[in-house]
Amino acid sequence: MSPTEDVDAYVLKLRRQVRAAEVQLRDLRRQLVQAEKQADEARNLNKNHDRGLPFAQQSKRLAVLRNIGQEQGYEGHTNGTEDRSQYARSKRRWPLRKEEYKRYGRQLIMPEIGLEGQLRLRSCSVLVVGVGGLGCPAALYLAGAGVSTIGLVDGDTVEESNLHRQILHSTEKIGMSKVDSAVEQLRSLNPLVNYVSYREHLTPQIALQMFDRYDLVLDCTDHPTSRYLISDTCVLLQKPLVSASALRTEGQLMVLNNPSRAAGDVTGGPCYRCVFPRPPPAESVTSCGEGGILGPVVGIMGVLQALEAIKIIVAGISNPFDADGNIDISTVGREEASNASAPRQESPSLLLFSAYTSPPFRSVRLRSRRKDCVACSASATITRASLTSGSLDYAQFCGFVNPVSVLEKDSRISANDYDAQQFMLEWFRQTRGSEVYGPMTDTIIDVREKVQFDLCHFDRAINVPRSEILADDEPLRRALEELPARRQITVVCRLGNDSQLAVRKIRELRRRGGAIGSAETDDSLVMDIEGGLRAWTRNVDPEFPEY
Amino acid sequence: MQHLAQTTSEKELTSSSPAPMPGTMSSRAPPGHFTVLYFASAASYVKKTSETFEAPLPAAKLFDVLEKKYPGMKEKVLSSCALTVNLDYIDLEEDSGEGQLVLQPGDEVGVIPPVSSG
């Protein structure tokens with residue numbers, strides 16, 4: 001053969017080789033894609049069911065793994081060797097982890113809960129707004145029951161006066177953020193739950209974003225403004241809400257917006273505004289600090305909140321539509337499946353608890369959504385924008401003026417100045433005698449409730465309780481009439497808020513009673529102690545009880 | 001109304017228990033009367049947990065009756081209250097039904113202010 005024919009043959013041979021290699025490469029690539037897909041599938045199955053596969057899926061997983069195994073030269077499991085245990089583990093997977101069976105065992109064996117109920121608890125996130133008298137017991141039982149995530153919202157720190165009822169906190173935690181204190185305790189109870197901290201007070205601007213990642217909200221707050229805000233947010237985001245409250249010896253509890261539907265959908269549950277469309281008068285709103293509260297009373301309501309939350313979660317949170325109106329596949333079919341084990345959802349109700357009445361519990365049947373509700377009816381005016389823009393002023397809606405400062409500066413006397421004044425008066429009494437001293441002394445009117453007045457008060461103080469002043473002018477008018485003319489009046493209360501309102505009332509009464517311009521109508525004769533008795537303890541007399 | 005004037009001149013209140021002392025509430029109204037249960041700030045305002053009034057009385061008139069007996073109650077308490085009759089929430093403002101609802105002897109009315117504290 002000629003030299004050129006040799007080269008040509010060589011070229012042909014090479015071309016053939018390249019083609020064969022290309023075919024082989026294509027084949028290998030195809031195999032790689034398939035193997036990667038199978039590996040992904042196996043990983044996804046694993047992830048979605050958290051190493052606990054329903055038995056129906058087992059065979060598919062095995063098939064996937066077998067394919068991969070075969071290509072890698074796996075020849076079947078060996079008997080009686082250590083390697084077997086690894087394969088044994090992959091052969092049988094339970095839906096719950098071993099420690100979950102132990103931890104939740106007592107509720108797992110109840111037909112009302114069962115495996116399905118526990119799986120639902122484990123996939124549900126709950127937001128607890130307020131970590132006080134209600135939030136502490138509620139969060140405790142929710143954590144114990146094994147929900148997926150608990151969010152805790154509170155901007156306060158632990159105080160000594162909390163400890164008789166806020167059982168998640170403790171003496172060493174005084175001064176600590178309530179949320180931090182709570183998480184520490186909750187985690188030690190159940191480390192399997194994920195805890196999210198929000199060390200701040202709830203505001204309209206942050207509410208929507210905060211609530212969005214949770215499936216269910218608990219209102220454990222202590223103020224009407226937050227109650228309306230929380231309810232409005234839950235309606236906008238279509239979340240069920242368990243709302244409770246307590247004061248003195250009474251408590252209230254209701255499950256709102258369940259079923260949670262968009263505004264205008266009449267099948268949705270009523271919201272807070274459907275039950276209480278008008279807020280209470282601002283001056284009638286009493287805090288636990290002002291009205292008092294018995295530990296077990298608020299404890300009962302918090303525990304009931306956790307119970308209602310668990311019932312809702314286990315029955316399947318009935319919101320098949322996500323916020324954009326698309327069907328959330330994972331929730332479809334839940335309610336039907338649960339009917340066998342869980343009781344049917346009853347119509348919404350308001351539970352009333354009263355420690356001193358018989359019967360202590362009363363359940364009132366609520367209506368469905370109000371036709372004209374501004375939050376959840378077809379004519380609703382509350383929108384997401386109205387929350388985030390800040391145009392909805394909940395404080396204004398509830399009639400609150402920012403911390404009571406209704407008196408001008410020079411109508412108020414500081415605790416130190418008052419002490420100095422009294423000291424000087426005493427000196428006058430000792431040096432000049434009571435004829436001079438007498439007319440100079442002031443009349444002290446203490447407007448706290450009698451129960452508080454009896455705890456501790458200034459020696460010369462007379463008690464005209466705020467509740468009486470609000471109800472009727474008579475007690476105050478009588479007290480004023482008995483005073484000689486030109487007598488200074490000093491009004492005092494615990495914190496320096498109620499005393500301001502009382503000063504205004506006294507001035508108003510005196511103006512009505514006396515002639516204009518006369519001594520009786522001289523406003524400057526009536527003052528209050530700024531900061532109240534608390535300021536007195538902190539600045540003048542540390543022995544004076546603070547409570 | 002003349003009917004009301006008659007009842008207020010005679011002492012129509014036959015049973016009421018003071019708040020906040022421990023004790024049981026009157027569980028049965030005398031014949032021809034309905035019971036009003038007061039909760040929370042309503043109980044503090046009237047200083048009792050329950051009271052009876054003569055029946056029949058149109059539900060729409062109830063607040064007037066209470067205001068007459070406890071001046072200022074409408075504005076300071078009742079305006080924000082939930083009202084129930086025999087454990088059913090009712091709405092006096094709704095056109096249908098409740099406007100014509102008449103309280104009968106033996107009925108139990110709940111005056112429930114919102115409690116916000118916790």
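1. A definition is needed before the strands are discussed: two strands are taken to pair if DSSP finds at least two bridges between them. Please keep in mind throughout that this is a predicted model.

2. In chain A, five strands make up an open sheet, in which the order is 9-13-12-10-11 and the pairing is parallel. Strand 9 (412-413) and strand 11 (461-463) of chain A stand at the edges, and because each has a single partner strand, one side of each is left without a neighbour in the sheet. Strands of a sheet pair through backbone hydrogen bonds, either parallel or antiparallel.

3. Within this sheet, strand 12 (residues 489-492) of chain A is joined by three bridges to strand 13 (residues 526-529) of chain A, and the two run parallel. As a point of reference when viewing the pair, A:I489 can be found opposite A:V526, a residue of strand 13 of chain A.

4. Which residues does UniProt list for "active site"? The record, an unreviewed entry, gives A:C288 and A:C493 under that heading, and the annotation may be inferred rather than shown by experiment.

5. A:C288 belongs to helix 12 (residues 288-291) of chain A, and it counts as buried because its relative accessibility is 11%, where the cut-off for buried is under 20%. Apart from neighbours within four places in sequence, A:C288 has contacts in chain A with A:R165, A:A246, A:L247 and A:I293, and in chain B with B:S117 and B:G118.

6. A:C493 is placed in the loop between strand 12 and helix 22 (498-513) of chain A, and with a relative accessible area of 3% A:C493 is likewise buried. If residues up to four places away in sequence are not counted, A:C493 touches A:V447, A:R448, A:D498, A:S499, A:G532 and A:L533.

7. Two of those contacts, A:G532 and A:L533, are also among the buried residues of helix 23 (residues 532-539) of chain A, together with A:A535, A:W536 and A:T537. The buried residues of helix 23 pack against helix 17 (415-432), strand 10 (443-446), strand 12 and strand 13 of chain A.

8. A:W94 sits in the loop between helix 3 (82-91) and helix 4 (98-103) of chain A, and its relative accessibility of 43% is why A:W94 counts as partly exposed.

Terms used:
Residues are numbered from 1 along each chain as its sequence is written. Chains are lettered from A and ligands numbered from 1 in the order in which they are written. This is a predicted model: local features need pLDDT of at least 70, side-chain atom pairs count only at pLDDT 80 or more; totals for chains, interfaces and linings use all residues. Side-chain values use heavy atoms; hydrogens and water are left out. Helices (H or I, at least four residues) and strands (E, at least two) are DSSP runs, numbered from the N terminus. Buried means under 20% relative accessible area, exposed over 50%, partly exposed in between (1.4 Å probe, protein chains only). Contact means heavy atoms within 4.5 Å.
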